[in-house]
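Here is a short report for a first look at this structure.

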Amino acid sequence: MALLIINGPNLNLLGKREKNIYGDQSFEDYFSELKKNYPQANLSYFQSNSESEIIDKIHEVGFDINGIIINAGAFTHTSVAIRDAIAGITSPVVEVHISNVHAREEFRHTSYLSAVCKGVIAGFGLDSYRLAVEHFLNN
Ligand code: DQA
């Protein structure tokens with residue numbers, strides 16, 4: 001089993017950014033706990049603020065890896081190109097969000113990615129990532 005977590009724009013600021021929405025833990029801290037708790041998932045992590053780098057990473061791993069967990073941040077609501085990248089690979093992809101995007105501004109209610117993902121997990125804080133890992137381990 002090998003899983004890759006991809007985080008999109010501004011998610012490098014977790015722990016510093018809008019703490020009332022996204023919490024006060026950095027993703028690096030959370031990720032090291034997750035790796036420790038799920039050694040069998042062989043987790044790796046990639047973050048980029050660049051749409052093209054995210055697309056390149058999806059192409060690079062998307063025919064070999066057991067699963068991708070993606071939080072595309074704001075690109076979720078804008079990127080046909082990331083959607084097409086996900087549609088073009090064979091590895092299953094789970095879309096995650098820290099916040100409940102449906103309880104927020106209207107522009108966050110639309111995801112270009114959901115229809116080409118296996119499922120969507122949103123609103124459970126950083127625990128959204130753990131729930132996605134559990135999905136891949138149990139299926
Ligand atoms: C987010 C929700 C997006 O609307 C926002 O642009 C983000 C983070 C989340 O994890 O809740 O950057 O994907």
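## The ligand shell

Which residues are around the ligand? They are R17, Y22, N71, G73, A74, H77, H97, I98, S99, V101 and R108. The model is a predicted one.

What is the make-up of this shell, in nonpolar, polar and charged residues? The shell divides into 4 nonpolar, 5 polar and 2 charged residues.

## Polar contacts and cover

The side chain of R17 has an N or O atom 3.1 Å from an oxygen atom of the ligand. For H77, a polar side-chain atom lies 2.7 Å from a ligand oxygen atom. For S99, the distance from a polar side-chain atom to an oxygen atom of the ligand is 2.6 Å.

How much of the ligand's accessible area does the protein cover? On its own, the ligand has 320 Å² of accessible area. The protein covers 98% of that.

## Residue F31

Now to F31. This residue sits in helix α2, which spans residues 27–37. Is F31 buried or exposed? F31 has a relative accessible area of 11%. Buried means under 20%, so F31 counts as buried.

Which residues does F31 touch, leaving out those up to four places away in sequence? F31 touches I5, L43, S44 and Y45. I54 is 23 residues from F31 along the chain. The C-alpha atoms of F31 and I54 are separated by 18 Å.

Definitions and conventions: Residues numbered from 1 in each chain as written. Predicted model: local features only at pLDDT ≥ 70, side-chain atom pairs only at ≥ 80, totals over all residues. Heavy atoms only, no water. Near = heavy atom within 4 Å. Polar contact = N/O pair within 3.5 Å; in protein donor to acceptor, adjacent residues only side chain to side chain. Areas by Shrake-Rupley, 256 points an atom, 1.4 Å probe, with all protein chains shown as cover. Nonpolar A, V, L, I, M, F, W, Y, C, P; charged D, E, K, R; others polar. Helix = DSSP H or I, 4+ residues; strand = E, 2+ residues; numbered from the N terminus. Buried < 20%, exposed > 50% of the residue type's maximum accessible area, 1.4 Å probe, protein only. Contact = heavy atoms within 4.5 Å.
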